[in-house]
Amino acid sequence: MTRPATLSDPLAADPSRAALHRLRTEVAKAVVGQDRVVTGLIVALLCRGHVLLEGVPGVAKTLLVRTIGAALDLSTRRVQFTPDLMPGDVTGSMIFDARTAAFTFREGPVFTNLLLADEINRTPPKTQSALLEVMEERQVTIEGTPHPLPDPFIVAATQNPVEYEGTYPLPEAQLDRFLLKLTVPLPAREEELGVLRAHHAGFDPRDLAAAGVRPVADATDLAVARAAVGRVHVAEPLFGYVVDLCRATRAMPALELGASPRGATALLGTAKAWAWLAGRDHVVPDDVKAMARPTLRHRLRLRPEAELEGVGMDAVLDSVLATVPAPR
C-alpha cells in the first residue's frame, strides 16, 4: 500500500479527514505498529463494510478493534465464538415476560456500532449464518419482524490462520460479505521492543482509558467523511481498469473462483476511500492497486493443485496487477 496523506497535505485540512487521521495517532497509544491494518479498518468504516482480521494469536487483533471503538466514541461489543454458541446468542431472541404474559424481543450483542466477532471460525455454520442477514441487510428478523441495527454498524471478525482443529472454515457466501481481509503481521523487532516497554511501564490492555485513549472522532465525523468519499471523482478509464482486474482473476489458471461483480464494486469503493484519505478528490490507478489485495484476496479460491504447489493468494493478485495494464 502506498503511504496515506499526512495532516500537512493541502487537502488534509478537511475537519472530518483530520479527525480520522488523528484516529491513527490515538490507536498508537495502545497498539504498537499495525498502521496498515488501522488504515484498512478506517477504509472499512468509510465504506460501511465489514472486516476479517487474520493473524496468529497475540498480535493485538482484539485490542486493535477495541481501541478503534474507543477512539471513535462508538459502542463496541465482543462475542467469543465457540462451538456451543447458538444463533440467538448473537442476534437476540424472543423471551417470555411473566409480568405482561407476552413474548418480547431481547436484543443480542449485534445491536452495537462495532461488533467484534472473536475467532469467528470456531463456531459451527449454523451460528455463522446468523450473521449473513446482519452483515448484508443490517437488521435482524425475528418471527417476521425486522429489527434495524444502529448506524454505523460493522463487523470486525478475527480468525487464526494456522489452527484448524475444532474450526469451521467460512463459506464463500459469507466471506464475500466482508469488504476487506486484513492480515495482521507479527511486529518488527523495534515494535516488539515497544510492546515490552509499554507492559513494563504498567500498560493494561483491559484499561484503555488509563492508556490515554480518548475519543477523537465520532459518528458525525464518520457520516461527513462518508459523504465526502461518495463525491470522489472516478474517470471512465478507472471503471474499465477495475473491471479488467476482476475479470482477469476469473481467467487465472491457479484459481477456480475469481472475483464477482460484488468484488468489483467493493474495489471501486475502497479505492475511493483510499484516495480521499490520501487527500485527493479523484481516484488514480495506484489507489486501485493499493486496495486490490485486501479487497479481493478472500473472494478468490485457489485450485487444489496450486495450493499443493505453495502458491499464495497475494502472489496471484500480484500477477494480475502486473499483467493488466493501468490507464494513464
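Select Lys-181 and Glu-54: Lys-181 is buried, and so is Glu-54. Buried means under 20% relative accessible area, exposed over 50%, and partly exposed in between, with a 1.4 Å probe and protein chains only. This is a predicted model, in which local features need pLDDT of at least 70, side-chain atom pairs count only at pLDDT 80 or more, and totals for chains, interfaces and linings use all residues. Residues are numbered from 1 along each chain as its sequence is written, and side-chain values use heavy atoms, with hydrogens and water left out.

**Stop 1: the Lys-181 pair**

Keep both residues on screen. Lys-181 forms a salt bridge with Glu-54, and the closest N and O atoms are 3.3 Å apart. Lys-181 sits in strand S9 (residues 178–183) and Glu-54 in strand S1 (residues 50–54), so the pair ties together parts that are 127 residues apart in sequence. A salt bridge here is a side-chain nitrogen of Lys or Arg within 4 Å of a carboxyl oxygen of Asp or Glu. Strands (E, at least two residues) and helices (H or I, at least four) are DSSP runs, numbered from the N terminus.

**Stop 2: the sheet**

Now show S2, S5, S8, S1 and S9. These five strands form an open sheet in the order S2-S5-S8-S1-S9, with parallel pairing. S2 and S9 stand at the edges with a single partner strand each, so one side of each is left without a neighbour in the sheet. From one strand to the next, the twist averages 20°. For that angle, axes are lines fitted to C-alpha atoms, for helices over the stretch in contact, and angles run from 0 to 180 degrees between N-to-C directions. Two strands pair if DSSP finds at least two bridges between them.

**Stop 3: strand S5**

Zoom in on S5. Five of its five residues are buried. Leu-114, Leu-116 and Asp-118 point one way, while Leu-115 and Ala-117 point the other way.

Which strands flank S5? Five bridges join S2 to S5, and the two run parallel. Four bridges join S5 to strand S8 (residues 154–159), also running parallel.

Pick out the partners:
- Val-79 has Ala-117 in S5 as its bridge partner.
- Gln-80 has Asp-118 in S5 as its bridge partner.
- Leu-114 stands opposite Ile-154 in S8.

**Stop 4**

Asp-118 lies in S5 (residues 114–118) and Arg-78 in S2 (residues 76–80), so parts 40 residues apart in sequence are tied together. Asp-118 counts as buried at 6% relative accessibility. Arg-78 counts as partly exposed at 47%.

Next, select Asp-287 and Arg-280. Their salt bridge has its closest N and O atoms 2.7 Å apart. Asp-287 is buried, with a relative accessible area of 1%. Arg-280 is partly exposed at 23% relative accessibility.

Then select Glu-136, Asp-176, Arg-177, Arg-262 and Arg-299. A network of salt bridges links them. How many salt bridges does the structure hold? The count is 18.

**Stop 5: helix H2**

Finish with H2 (residues 35–47). Its 13 residues reach 19 Å from first C-alpha to last, close to the 18 Å expected at 1.5 Å a residue. That expected span is 1.5 Å times one less than the number of residues. In H2, 10 of the 13 residues are buried, so the helix is largely enclosed by the rest of the structure. Among them are Val-37, Leu-41 and Leu-45. Step just past the helix: Arg-48 takes a positive phi of about 55°.
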